[in-house]
Amino acid sequence: MLVKLERMATAAATLPLLAGRSLVGALSVRQYFDIPRKNPSRELTGFAIHSSSRRNGFSILSSAVATSESTETTAVDAADDDSEGKIVLPTNESSERLLRIRHTCAHVMAMAVQKLYPDAKVTIGPWIENGFYYDFDVEPLTDKDLKRIKKEMDRVIGRNLPLTREEVSREEARKRIIALNEPYKLEILESIKEEPITIYHIGDEWWDLCAGPHVESTGNINRKAVELESVAGAYWRGDEKRPMLQRIYGTAWESEQQLKAYLHFKEEAKRRDHRRLGQDLDLFSIQDEAGGGLVFWHPKGAVVRHVIEDTWKRIHIEHGYDLLYTPHVARADLWRISGHLDFYRENMYDQMKIEDELYQLRPMNCPYHILVYKRRLHSYRDFPIRVAELGTVYRYELSGSLHGLFRVRGFTQDDAHIFCLEDQIKDEIRGVLDLTEKILLQFGFRHYEVNLSTRPDKAVGDYDIWDKATSALKDALEDKGWSYEVDEGGGAFYGPKIDLKIEDALGRKWQCSTIQVDFNLPQRFDITYVDSNTVKKRPIMIHRAVLGSLERFFGVLIEHYAGDFPLWLSPVQARVLPVTDTQLAYCKEVASKLKANGIRAEVCHGERLPKLIRIAEKQKIPLMAVVGPKEVETQSVTIRSRFGGELGTMPIDDFICRIKNAAENRTSFC
């Protein structure tokens, strides 16, 4: 797909540096330095957390389907809050006070670091989604160092030092920076094009190049609402050839209660971390011997992938798509025609020479689908043509940006392309929206955020076709009844697009689905059809993905369900447990009968029954079929549910019938 791979928070190091001028009414710091408002891969938005005995230990209050993103705060129950009220967690967008607090905390932290480590050199310190960070050229830091730094920050906050803004000339700023021997700040100064230069002082003891904004004094920060979270390495300006810096991450809130609520959320997110669960449940691994960012699907993870793929293929076939399988490599000339070598080379691997010809691992699937289209001449009567593929692609990523299943070097996209006529765009987009909803509902995602991005300043295609395509996308969304936000000028250069983020059990939003109209590739590959007047014309091409990539979607699924997959998706649906090994032969007979009926079952033995049950529950097996002498005699099983406890004894055929019914209807076993 012609989709730029979403960046994780670790990519913040590649952003332009936070420094420069700030005037009332001027661009915001984020606009001025192109710092994104949110982590585009995973967003902490409004959510409500309640202790609960329900599945996965969480009960989440969600908004309506396909709601527009709101900057308003949403209530969250704090873990230690005894009151009946809820703690409101604001965002940087909804609370300028919070944004100022976080930005000032970055400066206070830098001041504290240089107080404790006089040789430390400062670089940048922006606010981010849930707090702030600052990069330092300093000796490696530890968690123990973070505690010292936090204590010094508390002292600075307690002194209630004023923050004052000063405008100086470029030359004056240069003199001051040289006097302090701050080479990184000098480099930042050289990148600032406007004057005067703005400086923010903390009292008369410390200052930084900065565009603001800040609180009026350090005393406006609640020291009990600030916490330093971690330290990590980050290359200067995101360049692996530049020095490795120490990045300290912190979080800051308006009140201690907000911090507690956030930390409670963070602990729950940690419990659901797909990297830990993937190892604990033996779902996947990334092997150092093979290289970073390359995913090994273990048997249990492969079963889940198989179920995902089967569901995806079945629904696509029902919606009129033809399935494709295409090569993983192609001649380099193909990527020159597509434009990838000109505009996407940095994300592609080096070419390989085969019999005096250059070949390239594919970063995307689109050109292959176009070649399939071009194999013969098409008539207007053939449209729409829909093709889909679960195609594995390879993209170059720095090792520091890799992150579990969320950022990898080889992954499988659920790619599809639609070739259609101009007057078919709306109906095809509506069909994609219906298909997207149907697939996402299968996996338990019911709440979405939808964005429509329109023509940017630099674009291919005339205004008339852009207007028609954009109107078709709007009409399809409105016909679907989904609310959406318009991102004016945010479309790709080749066409308008719809992006959809799914909301998980913690209220986090993940970019998955995208629908993009493309006026570029049809022209580059000169694809045509013959109209009713036997005149050759160019068709409309629509790119679309529902899940995004199987690897990333699997990671989202693991965290959404905390590894407790629903029965239909669980890698092992039932485990047969003997009271003693005397019943082992019958247990194997039961397991064989379950498998013969398409139920994923296995036998586990060799331990006392209570331990076998504990092991099954730890491995998040939905159902256990316990077999003792009585069950052997009556040809039955006693069922224990991971969430429902003891469910009684029943004949094997009844057990099979109930599992199959629950799996087919995507319901729990009852």
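Which residues of α8 are buried?

## Helix α8

The buried residues of α8 are Gly-301, Val-304, Arg-305, Val-307, Ile-308, Glu-309, Thr-311, Trp-312, Ile-315 and His-316. Buried means under 20% relative accessible area, exposed over 50%, and partly exposed in between, with a 1.4 Å probe and protein chains only. An α-helix has 3.6 residues a turn, so residues three or four places apart point the same way.

Helix α8 covers residues 299-318, 20 residues in number, and its first and last C-alpha atoms are 28 Å apart, close to the 28 Å expected at 1.5 Å a residue. The expected span is 1.5 Å times one less than the number of residues. After α8 comes Gly-320, with a positive phi near 85 degrees. Helices (H or I, at least four residues) and strands (E, at least two) are DSSP runs, numbered from the N terminus.

## Basis of the model

This is a predicted model, in which local features need pLDDT of at least 70 and side-chain atom pairs count only at pLDDT 80 or more, while totals for chains, interfaces and linings use all residues. Residues are numbered from 1 along each chain as its sequence is written, and side-chain values use heavy atoms, with hydrogens and water left out.

## A three-stranded sheet

Three strands form an open sheet in the order β9-β10-β11, with antiparallel pairing. At the edges stand β9 (163-168) and β11 (206-209); each has a single partner strand, so one side of each lacks a neighbour in the sheet. On average, neighbouring strands of this sheet are turned by 25 degrees against each other, direction ignored. Two strands pair if DSSP finds at least two bridges between them; β9 and β10 have six, in the antiparallel sense. Glu-167 stands opposite Thr-198 in β10.

Helix α2 (residues 96-116) lies across β9, β10 and β11 and runs at about 125 degrees to β11. Helix α4 (residues 170-180) also lies across β9, β10 and β11, at about 120 degrees to β9. Contact means heavy atoms within 4.5 Å. Axes are lines fitted to C-alpha atoms, for helices over the stretch in contact, and angles run from 0 to 180 degrees between N-to-C directions.

## Backbone exceptions in loops

Most residues other than glycine have a negative phi, and most peptide bonds are trans. A cis peptide bond joins Glu-195 to Pro-196, with omega about 0 degrees; Pro-196 is in the loop between α5 (183-191) and β10 (197-202). The bond from Phe-383 to Pro-384 is cis, with omega near 0 degrees.

Asp-282 has a positive phi near 60 degrees and is partly exposed, at 39% relative accessibility.
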